[in-house]
Amino acid sequence: MPDHTYTPVGFFSGEKIPLETHKARMVQRIYLRPVRDRVRIINEAGNNTFLLPNRDVFLDMLTDSGVNAMSEAQYAAMLMADDSYAGSETFYRLEKTVLDFFGKTRFLPAHQGRACENILATAYVKPGQFVVTNYHFTTTKAHITRLGGKVHEASRDEAAKTQSEDPFKGNFDMEKFRAFVDANGAESVAFARIELGTNLIGGQPVSLENVREVSEYCKEKGMKLVTDASLLADNIYFMKVREKACEKMSLREIVLEIGRLSDILYFSGRKLGCARGGGIATSNEEDYGKMRELVPLFEGFLTYGGMSVREMEAMAVGIRETLDMDVVSQTPLFVEALGSELVAKGVPVVTPFGGLGCHLDATRFVPHVPQDQYPAGALAAAVYIAAGVRGMERGTLSEQRNPDGSEHLSNMELLRLAIPKRVFTLAQIKYAADRVGGLREHRDLIGGLVFEEEPKTLRFFLGRLKPVGDWQEKLAAAFLKDMPSGL
Ligand SMILES: Cc1ncc(COP(=O)(O)O)c(C=O)c1O
């Protein structure tokens, strides 16, 4: 289908409703536990939504990673997989797809996005060097700092504003980038990393013009540009609908241009391609050679890289399907639907709406919870209690402590309600908005959290916390008054 202009299917009533461009032919039963059980369950999970068993979650809005709905063509391709350790046809099919997609000549497989980050950091980051980025991602930063490197963010001031009208809050701030390189020298930069679009600041996209500026500057200074294309699907949608210069470009042309402007691209196939895996693409033989030897060491042989052949087949199809506007528009349109409902209920959310999910602004939702008691984490626990909905904290809890042990306070306290691709119906979206709206009426009851067990690295994954006081029981009692069934 030509995608030179894009208008989603409309309604006579004029209502802005995202219409699904797919139908469900396989479903999964989900259960809502009663509110008292939800209080117990979230405490058994250490008030950490990562530790909740999925059987106790009604709507799983933790992430889209590896949980997007796959198409029938993806499932069909899985049956065609050629299972061999070395030289499988499946690998060659995936390789060809990725190389055609990005316009590159070399592909390295890896089992997921952070595995690509491990390879990149191991190949390029020397102690004391910097990776300059539009915004860091948790696992990216952990790999860079693990090797003695540092992350420097050249993000726009706008990026940290939760309310904005800026269509491309994810952009690199070129002035900050130039100033940093002038002050520290290009040789101190292991590579520049552009994340399309940004995960931790609310799925905010980057413009193609910005990718071009960053690329030209990197070339001028002899710095490598590495593009994290994990969230590319949402980002190219926003380029097309928000950027005049992209309006008449096809998605294929946009992706090829991103590929042309990047020295190296990597992605989490759990996001891009809606399967489970990842990979790195480049046309530079030296870079390829440097990273290639790390793949058998960390991932597996060069023709599977830790992935099952079935996932590789599904990923190849999923990547090709990313070039269809009716496919890539689904998540952003559903994020907008959830965001609009929440705004109408007075719930503070990140604007403009981005990709990936809807982001509640905990700083404004629970301003009375101090930052060192993790307001976004506390809100995540409260949303689970009110709704059985599992979100993900993206704030101070997701940061690493400073070397002196003090808290590294995040410049934003967000609770992400992710919208995995093609998973939820509009009624479920309305349910989530309704419950969060109801919770807002009781926001004064929400209190903070403190650590009981705090891992040293990526503490948000496995850390266990407890509530400060008995606010969760009070919240459940208030909920029972509104909703006596407890459901
Ligand atoms: C922008 C970005 N980069 C890298 C990753 C890491 O990918 P993975 O979860 O497959 O390791 C993610 C995952 O959420 C991401 O959003």
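User: In which helix is phenylalanine 479 found?

Analyst: Helices are DSSP runs of H or I with at least four residues, numbered from the N terminus. Phenylalanine 479 belongs to helix α19, residues 471-482. The model is predicted: local features need pLDDT of at least 70, side-chain atom pairs count only at pLDDT 80 or more, and totals for chains, interfaces and linings use all residues. Residues are numbered from 1 along each chain as its sequence is written.

User: Is phenylalanine 479 buried or exposed?

Analyst: A residue is buried if 20 or more other C-beta atoms, placed from the backbone, lie within 10 Å of its own, exposed if 12 or fewer, and partly exposed in between. Phenylalanine 479 is buried because 24 other C-beta atoms lie within 10 Å.

User: Which residues does phenylalanine 479 touch, not counting residues up to four places away in sequence?

Analyst: Contact requires C-beta atoms, placed from the backbone, within 7 Å. On that basis, phenylalanine 479 touches Val35 and Ala386.

User: Which residues touch the most other members of the largest nonpolar core?

Analyst: A nonpolar core is a set of buried Ala, Val, Leu, Ile, Met, Phe, Trp, Tyr and Cys residues joined through C-beta atoms within 7 Å. Here the largest has 141 residues, and Leu338, Leu379 and Val383 touch the most other members. Helix α16 (residues 375-387) gives the most to this core, namely 11 residues.

User: What is leucine 338 in contact with, leaving aside its neighbours within four places in sequence?

Analyst: The contacts of leucine 338 include Cys358, Leu417 and Ile419.

Conventions:
Helix = DSSP H or I, 4+ residues; strand = E, 2+ residues; numbered from the N terminus. Contact = placed C-beta atoms within 7 Å.
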